[in-house]
Amino acid sequence: MKTLIAHGKLLVDDQLISQNVLIENGLVTAITMPDQVVDADQAIDVEGKFVSPGLVDVHVHYREPGFNDKETIRTGTMAAAHGGYTTVGAMPNLDPTPDTVEHLTDQIKLNKDKGLIKVLQYATITENRRGNQLVDFTGLKQAGAFAFSNDGSGIQTSETMYQAMQEIAKLGMSLVAHVEDSSLSANGALAEEAAQRIGVKPIPWVSETAQVARDLTLAEATGVHYHVCHVSSKHTVEIIREAKRRGVNVTCEVTPHHLLLTEDNIIEDNSLFKMNPPLRSQSDRQALIGGLLDGTIDMIATDHAPHTYEQKKQPISDAPFGITGSETAFSMLYTYFVRTGIFTLGQLINWMALRPAQVFKLATAGKLAVGLPADIAVFDLNHEGEIKVTEFASKGKNSPFIGEKVFGQTVLTMVDGQVVYQ
Ligand SMILES: [Zn+2]
């Protein structure tokens, strides 16, 4: 079966060029000029829309098993496909959590059975993501762990982090860190200024940056690939920039919401603005944008964190952290950064597809090229539409971007040549 994606525009050296993409047995087998006659069984005419490599998101939360009322692997991957993602890294804050070979093996099977797209599974760093008892890193690597993370909480003791890094370095794997010193952030909900204004406890920037400073020293000593999740503070950007200059094997990600919003957007007690790390100041936001542009920040990851309506309608002091992101990331970033000339489309796709694949050594993801799997997203860059909660595939409706008028809606997503969203 040969499928032709006809009359699309592909990125070539950051220019959109009209080309056709031929797909056979799940692979891209030819990329041709639009007037070239190609023999195919079916053609999908995308009428000048942008044909992109499928996006890669290394930070999502799918909640199954344990919290299926928030999200399932099926609804989470439908949401990802709706956003143009074809590969994701799923965090391990599940119940049971993938902290043993048995749990991880079960989780990988569940992801494969239920997932519409490619779901790579993180294993934890410590047992049940708590305390100091390290997991069986070697066994978990052999069982297919994507990387190791305790996302949701920081590793509190230096000894645990140091030992984890030594073992993970030996295996050539990645340690992906939610960085938070909980002695500094305990019971906090928002960044300093907003916390004072709304009347809740703060999560000060030092709780993030102090732990990254410790970890950079340990990463330098061990040589591990240390990846920092969702950087939020300008001070963190600065010390990562400096560590990269020294040659520390560090990479990091930023979320769309930290690029788009600040604590000034929190004008009332609304939990749709509660996430961890919190939205910070305008100067922090500018430093994150600058960090992407100068290569200090490697990629954009959503931290897609669905919760139920009942959980998120609570006041900021009580609601859980997190917002959804899979279905809004590309269109929001395209609208607010590419159409405004701050980023080029090529830069955005680099940070949302190619670079995450490179950093995590995913040889066949993040690129649209002959011989690679046909993991493809097609976006309509010219039509303005509204982000509607009724169009979310995610069970989580907790997005501060509902009602936004955006360009760049997904019109088609394919994984291995199979349509998973249209
Ligand atoms: Zn996190």
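In this predicted model, Val-56 finds its bridge partner at Thr-87 in strand 7. Strands here are DSSP runs (E) of at least two residues, helices are runs (H or I) of at least four, and both are numbered from the N terminus. Strand 6 and strand 7 (residues 85-90) run parallel and are joined by 4 bridges. Two strands count as paired if DSSP finds at least two bridges between them. Strand 7 is also linked to strand 8 by 4 bridges, again in a parallel run, and here Val-88 has Val-119 of strand 8 as its bridge partner.

Put together, these 3 strands make an open sheet in the order 6-7-8, with parallel pairing. Strand 6 (55-60) and strand 8 (118-121) sit at the edges with a single partner strand each, so one side of each has no neighbour in the sheet. From one strand to the next, the twist averages 20 degrees. In a regular strand, side chains alternate between the two faces of the sheet. Strand 8 has Val-119 and Gln-121 on its covered face, while Lys-118 and Leu-120 are on the uncovered one.

Next comes the zinc ion. Its protein donors are Asp-151 (OD), His-178 (ND1) and His-230 (NE2), lying 2.0 to 2.3 Å away. Donors are N, O and S atoms within 2.8 Å of the metal (3.2 Å for Na, K and Ca), and sites may look incomplete because water is not among the atoms. Along the sequence, the spacing of the donor residues reads D-x26-H-x51-H. Asp-151 belongs to the loop between strand 9 (148-149) and helix 4 (158-171), and His-230 to the loop between strand 11 (225-228) and helix 8 (234-246), so this pair ties together parts 79 residues apart in sequence. Both Asp-151 and His-230 are buried (under 20% relative accessible area, with a 1.4 Å probe and protein chains only).

As for helix packing, Ala-329, Phe-330, Leu-333, Tyr-334 and Val-338 of helix 12 meet Leu-345, Leu-348, Ile-349 and Met-352 of helix 13, where contact means heavy atoms within 4.5 Å. The residues of this contact split into 9 nonpolar, no polar and no charged.

A few notes on how to read all this. Residues are numbered from 1 along each chain as its sequence is written, and side-chain values use heavy atoms, leaving out hydrogens and water. As the model is predicted, local features need pLDDT of at least 70 and side-chain atom pairs count only at pLDDT 80 or more, whereas totals for chains, interfaces and linings use all residues.

Key:
Buried < 20%, exposed > 50% of the residue type's maximum accessible area, 1.4 Å probe, protein only. Nonpolar A, V, L, I, M, F, W, Y, C, P; charged D, E, K, R; others polar. Axes fitted to C-alpha atoms, helices over the stretch in contact; angles between N-to-C directions.
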